[in-house]
Amino acid sequence: MGRYDLVVPGVSRGSPCFRPAMRVRFGDFVLDRATRQLSKNGELRPLEPKAYALLDLLISRRPAAVSKREIRDGLWPDTFVSESHLSSLAARVRRALDTGARGSGFLRTVHGFGYAFGAEATEEDNSPAPRRAVAQVECNGELFALQEGENVIGRGEEAALRLDVRGVSRRHARIVADAGRYTLEDLGSKNGTYLREQRLEAPTVLEDGDAFRLGRTLLVFRLSRNVGTTVIED
């Protein structure tokens, strides 16, 4: 499949659009983004949804420190959360990582600022190779494969395709893949999703080469048929 360069206003090539690896390994631990679970040596460790989200956010941003304000905006976008509540959440993450409520280890406190993930980590992509059809979204010259089921596009940490661009909502839109049928749907975004220059009002089936916009960010749907199959004739 060919590659195409798109000019997206205010976007540098390759930087704002990315799909995080499905698994991250650090020490004896594995963070599985597909199942949203943490395990140690194959044994699941209890981790509530917000604690998982905090750990995933810090791992995604490593080795940079993430401010308390950014964490609050990401985990509780419409709710006031006290600093003590955030500290308590960090303590629960540390306990799940066997470092104790106040220990450093994997989760490092940056005093007066926020938190950082302070260990080496290896990312693994264990998603199965697509067969028969490869559906991709092209963003700023980069291609991102779609998986069967829901593929959320947006700024949020949980998005399958993250767009770190102004004007894109945390859960802006989604493409649902169902047995070779790919449907684009807006998720109530502020700036809208546009397909064929018309604002989406209902889920719409995509065709190869369809250009669509999330706010001002341009994307293209690409579909290749019969990839990875062999036809045997008598």
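1. In this predicted model, the largest nonpolar core comprises 29 residues. Phe26, Leu38, Leu55 and Ile71 are the residues with the most contacts inside this core. As a general background, nonpolar side chains in soluble globular proteins tend to be buried together.

2. Several elements build this core: strands E2 (23-26), E3 (29-32) and E8 (114-117), together with helices H1 (49-61), H2 (68-75) and H3 (83-96), each supply at least two of its residues. Helix H1 gives the most, with seven residues.

3. Which residues does Leu55 touch, not counting those up to four places away in sequence? They are Leu31, Leu38, Leu47, Val93, Leu97 and Phe117.

4. Another core lies apart from the one described above and has 23 residues. Cys139, Ala173, Phe212 and Phe221 are among them.

5. Concerning the chain as a whole, the protein has three helices and 20 strands. Of its 234 residues, 42% count as buried. The accessible surface comes to about 12900 Å², and 46% of this belongs to carbon and sulfur atoms. Among contacts between residues at least 6 apart in sequence, 49% join residues at least 24 apart.

6. The confidence of the prediction should be considered alongside these points. The protein chain averages a pLDDT of 81, and 80% of the residues score at least 70. Confidence is highest in strand E18 (residues 204-205), at a mean of 96, and lowest in strand E1 (residues 17-18), at 60.

7. Residues 1-15 have a pLDDT below 50, and this stretch has 33 contacts in the model beyond near neighbours in sequence. Over residues 226-234 the pLDDT also stays under 50; for these residues the model has nine contacts beyond four places in sequence. Where pLDDT is low, the predicted coordinates should not be read in detail.

Conventions
Residues numbered from 1 in each chain as written. Heavy atoms only, no water. Helix = DSSP H or I, 4+ residues; strand = E, 2+ residues; numbered from the N terminus. Buried < 20%, exposed > 50% of the residue type's maximum accessible area, 1.4 Å probe, protein only. Contact = heavy atoms within 4.5 Å. Areas by Shrake-Rupley, 256 points an atom, 1.4 Å probe, with all protein chains shown as cover. pLDDT = per-residue confidence, 0-100. Core = buried A, V, L, I, M, F, W, Y, C linked by side-chain atoms within 4.5 Å.
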